[in-house]
There are 4 protein chains.
Amino acid sequence: MSGPHTASVVGGSGFTGGELLRLLSGHPNFEVVQATSRGYANKTVGSVHPNLRGRDLRFSSPADLESVDVLFACTPHGVTMERIDAFREAADTVVDLSADFRLDSEAEYDEWYDGHDRPELLEEAEYALPELNRENLPGAALIASGGCNATAAILGLKPLFEADLLAGEERIVVDVKVGSSEGGAGGGEASSHPERSGVVRPYAPTGHRHEAEIEAFLGTGVSFTAHAVDMTRGASATCHVYPEAPVSTADLWTAFRDSYAEEPFVRIVAGGSGVYRYPEPKAVAGSNYAEVGFEVDPKNGRVVVFSAIDNMMKGSAGQAVHAANVALGFEETAGLGFEGLHPVGSP
Amino acid sequence: MSGPHTASVVGGSGFTGGELLRLLSGHPNFEVVQATSRGYANKTVGSVHPNLRGRDLRFSSPADLESVDVLFACTPHGVTMERIDAFREAADTVVDLSADFRLDSEAEYDEWYDGHDRPELLEEAEYALPELNRENLPGAALIASGGCNATAAILGLKPLFEADLLAGEERIVVDVKVGSSEGGAGGGEASSHPERSGVVRPYAPTGHRHEAEIEAFLGTGVSFTAHAVDMTRGASATCHVYPEAPVSTADLWTAFRDSYAEEPFVRIVAGGSGVYRYPEPKAVAGSNYAEVGFEVDPKNGRVVVFSAIDNMMKGSAGQAVHAANVALGFEETAGLGFEGLHPVGSP
Amino acid sequence: MSGPHTASVVGGSGFTGGELLRLLSGHPNFEVVQATSRGYANKTVGSVHPNLRGRDLRFSSPADLESVDVLFACTPHGVTMERIDAFREAADTVVDLSADFRLDSEAEYDEWYDGHDRPELLEEAEYALPELNRENLPGAALIASGGCNATAAILGLKPLFEADLLAGEERIVVDVKVGSSEGGAGGGEASSHPERSGVVRPYAPTGHRHEAEIEAFLGTGVSFTAHAVDMTRGASATCHVYPEAPVSTADLWTAFRDSYAEEPFVRIVAGGSGVYRYPEPKAVAGSNYAEVGFEVDPKNGRVVVFSAIDNMMKGSAGQAVHAANVALGFEETAGLGFEGLHPVGSP
Amino acid sequence: MSGPHTASVVGGSGFTGGELLRLLSGHPNFEVVQATSRGYANKTVGSVHPNLRGRDLRFSSPADLESVDVLFACTPHGVTMERIDAFREAADTVVDLSADFRLDSEAEYDEWYDGHDRPELLEEAEYALPELNRENLPGAALIASGGCNATAAILGLKPLFEADLLAGEERIVVDVKVGSSEGGAGGGEASSHPERSGVVRPYAPTGHRHEAEIEAFLGTGVSFTAHAVDMTRGASATCHVYPEAPVSTADLWTAFRDSYAEEPFVRIVAGGSGVYRYPEPKAVAGSNYAEVGFEVDPKNGRVVVFSAIDNMMKGSAGQAVHAANVALGFEETAGLGFEGLHPVGSP
């Protein structure tokens, strides 16, 4: 390889777009040549993302896409399927951070979304949650980076399935707590500071679209409920499951180690001493790490699984870079070495 | 009745003690004549509780109890059972805010706590969650005010049981989110601001003692898990249940209205427009109101029930006053009229 | 007097409108007969203000004003001067919470605002900061309730002027920190939770309009700078002054006691033990109290004065009720007895 | 140079110690060989600093110091002066993050601290705020890294002095807002979450020790007041100055550019569009950047200067690494490239 790959970020003024701009410029294998924004064309990226104020890069119009090696699409759901031909013409590899190509079939888009404009591409698109399916990614030309809440839930539950600790007809409760950045930039009354600070607010009591994503890749349905809580970054999933046969703490350690011992971005945290004994979004804020952990509830025949990620990183921009690293044959952890901060107030 | 009842608050420098001092001085039927504190004797109540800085009352030593009509014990678990004879000598009515007299049998205290010093009093003591058992309270001389997390869970689930929507062997998941005041005053590393702010922290993954309280008064076990989140006041319970027969939204409205239509402190909030569509601690902060609500998940055969209270009010001090009002024949809502604030940052 | 006075709240869906609705319904001398809202006509007040969900009151259109004794105008700046004839036709007493009638002369409105539509009314209008000028209020028919930041600054500095501790040509720095409710309801990007939480943001570095209000009623100019910080309610003013002659702590105690010993809503907090040694918005959140305090800096010949209020209460709705109480001859503290909460997270 | 320099962190379990461990392991020229802790000896660094959970490093006792090239002392004030001989025996270069060697003379330590044990070393010690005095650092063997609040104030005011915009006898007000990490790890009642969240709390109204540091290195006294606000990381200084001659915005731009155009870690932010128009701690959280900006107040003859840093980075650990980079001849920005996060809740 001679020199870094060129990359563009379409939808660069949103939160995940800004996160990608940050990650890619610290990445040894990428050079950002374009960031687009409809609303902020000709403004510096630092005028929107204050952490990037030192950068000498201005947003350009999404109408004029430069030719690059990799195009990251950080556009709202529905835009990538609409503009996919232009994206693919501009880049050999398209990594989409929206939900537009995550599910396998048009039927699922009919059920969970407003249908799909380009169903013929669904089979080609590769879902990317590297811990789940990294073997599918090398050489992929259209990558659908996994969603934040789905990633948290899948990473927590995967070891139980891989170790056959859960049988088929389980009722799995996934109770999720998320930060305000999941709502995206721009505002609105419900996300205004006076109304949004300090909340424990059920915002998706039932029927969240990530149920489809979890079901598709975990092979089982889950009962998903999401609450908004007072943080900006972070998604925390608490999964309550009832195995048919009793499960011990040792069984769980074995299962989680079997699944994740070699994973560069997954940490198992289950008990121990100190303040941080279980997975917490605060412990992974700003990083691409996921924390997973568990506790056995013998009285109720229950296993409680905890999973925590930064929704902006492992839940979107970091995962997209991770997927691109695998797809293009880079070091998996390239550009993703930041460990996060301690202490950090509200991530 | 000639004049207000005299009252004392034992353990008046803690959070619930301060809340009681606030409530009782605005109460038409009570006059506070004593507040005790081991650590702050001779200091003004306002030196500890800044909202009470205008008050002309000083803490006295708990060794010298004055004779009063009602003694409210806001002491840590274990103290009331140790000092109960002194408390009963000082007052005709003792309202205990700790867990010391909430459960029915010594066996339960052996299982969930460190045993019990005075098991012969357990039968006499009346548990007090007025929406559950107000008929037991008039004339009671030893009242055990219900616990915060148990109150939230019981209020959410009670309509389902009263309407026979749940059969016996259900697996009920109660996923709770609580504020930092549940840890009490004083501090410690885990509750220090840098470590505690912005958290979603599993602090009682399994085996929380309130499971016993819920089971005792709801008649069924629950799978309870509590998380600390970034608020000071508030407890929010999300209960995930799977009725045997399909349940409709209309069934739930009927059930909840049947249970709570006449309750002065329970509001049913389930859908609607605006920012606050389900129960939220933020909507009841500072008040004695509980909000309960629900959503049907037909895909998964699930009902999700939400319940929100201020743990310092409906979860402790407010509930104690409510119980005393019923016990002594006062207006149920006396002293508890405050509606709460909007907006409030982090309650 | 036969029965309570009737009152209406115009602009009842905003934050100060909601606060007034809360206060007036707990007020022994008022009965709310109308709350208007352009955007929420026919909706319940509880659909906007979740703390008022138990209320049986719906917003009506501001086009149809009912005849009442007192009309409280909680409309944005500019609206009252436009609709003042309709307001005065509907009510004997109009209490305006905006800045429309706070300043004395048209020239000041030309300088600080966009001019004034009805300058002939400026002389009749009475500014209301009761600690400053309660003697002007009895019988007033058009009352301009003092602004939040001005109230905080004036209450802190007033004792210094009354005790002649400051001479004429002082440079007074007023460094203010305010909560997000000052921006009003509705949202916008800068006040969205991800962008607004955790900030120390200079939002009015110089030239804040409240400088005019402070100057008008204190008789001296001040150098005012405001920062947004992470709370919802609250305004805190730190005033840095350099008296010409040395001032002792005892001098300051004397000055502050002379000014405020008889004031029902002002507490002097200056040193002492415990966590809360100086004025803090957190200590007065939800209440109509103001806290004022000070510290002498002998090394620099400086006096630092601290002042803290709840901008929604002493800074707007509470002050308006206080002013109405004085104007109509009610008990000054009527309806304003709430002491605030301890602890409260972020007020 | 053959291979990286070895480094140890004494006091590695505190907040600044953890930050240094994070920075040094990502630094191309350093290898951490020891981290000491009295309280956590033999525990992993990740058991205290959750962001470092992936690290294979355990705390050792501070009694057994390994020989290294550079020793960073993150101990409380007073410890370095007590243990300085052992530190210097263990390392060629000692970088102290406490105040023990920041001031020039024993007399100053007598005035502001509890005297000094080793005054003969004060002359040799080099204060390190690289933007102020990087020319003194190459080859220094005892480095006193500048304090957080002093750094914020000095960086804001330095351009005014360098451009001769301020004459000698000015009264300079420095009104500072800081996060909870300045209080260090461990807790205590005032820093407990219920009491500390949401505050605007005067914690150093007058007489803060950083006045001495500012005066020593700026050559003028300042009137310093610090407030605790609701963030974990961050220090924001608002400086109010009254130049003798009128100063224009263009004058200030020239002055600030003259001082900082070549500085790798200082950004000038003064007006412009968007949400972040002035320096904010939130915009630099986690990074070593300082933001400085200003506004002219012609009405009052005032200049307001704003300065924002992350107290854990530019205010302590980052500054120490920056100083070590200069002292040892490394690239100045080595190990300090992280740009910070957007959005971040409460930094």
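Analyst: Start in chain D, where Glu120(D) and Arg118(D) join their side chains in a salt bridge, 2.7 Å from N to O. By salt bridge I mean a side-chain nitrogen of Lys or Arg within 4 Å of a carboxyl oxygen of Asp or Glu. Before going on, some ground rules: this is a predicted model, where local features need pLDDT of at least 70 and side-chain atom pairs count only at pLDDT 80 or more, while totals for chains, interfaces and linings use all residues. Residues are numbered from 1 along each chain as its sequence is written, chains are lettered from A and ligands numbered from 1 in the order in which they are written, and side-chain values use heavy atoms, with hydrogens and water left out.

Searching the whole structure turns up 80 salt bridges over all chains. Some join up: Glu19(A), Arg22(A), Arg233(A) and Asp310(A) are linked in a network of them.

Now for a pair inside a helix. Lys158(A) and Glu162(A) form a salt bridge, with their closest N and O atoms 3.0 Å apart. Both sit in helix α5 of chain A, four residues from each other, or about one turn of the helix. (Helices are DSSP runs of H or I with at least four residues, strands are runs of E with at least two, and both are numbered from the N terminus.) That spacing is handy because an α-helix has 3.6 residues a turn, so residues three or four places apart point the same way. Lys158(A) counts as buried, at 5% relative accessibility, while Glu162(A), at 48%, is partly exposed. Here buried means under 20% relative accessible area, exposed means over 50%, and partly exposed is in between, using a 1.4 Å probe and protein chains only.

In chain B, Arg267(B) makes a salt bridge with Glu291(B), the closest N and O atoms being 2.9 Å apart. Arg267(B) is in strand β11 (residues 266-268) and Glu291(B) in strand β12 (residues 290-297), so the pair ties together parts 24 residues apart in sequence. Both partners are buried.

Strands β11 and β12 turn up again in chain A. There, β11 (266-268) and β12 (290-297) are among the elements covering the buried residues of helix α8(A), along with α4 (130-133), α5 (148-162) and β13 (302-309). Those buried residues are Leu252(A), Ala255(A), Phe256(A), Ser259(A) and Tyr260(A). They cover an arc of only 105° around the axis, which puts them on the same side of α8(A); the arc is taken from the directions that run from the helix axis to the C-beta atoms. On the other side, Ala250(A) and Asp258(A) are exposed.

What about salt bridges between chains? Across the interface of chain C and chain D, the rule finds eight. In one such pairing, Glu211(C) bridges to Lys299(D), with 3.9 Å between the closest N and O atoms. Here 56 residues of chain C are in contact with 56 residues of chain D, contact meaning heavy atoms within 4.5 Å. Between them, chains C and D bury about 4,200 Å², with carbon and sulfur atoms giving 57%. (Buried area is the accessible area, with a 1.4 Å probe, that two parts lose on being put together, summed over both.) Val200(C), Tyr242(C) and Val275(C) supply 14% of the area that chain C buries against chain D, more than any other three residues.

Glu189(A), His193(A) and Pro194(A) supply 41% of what chain A buries against chain C, more than any other three residues. As for how the copies meet, 100% of the interface residues of chain A are also interface residues in chain C, so they meet through the same surface.
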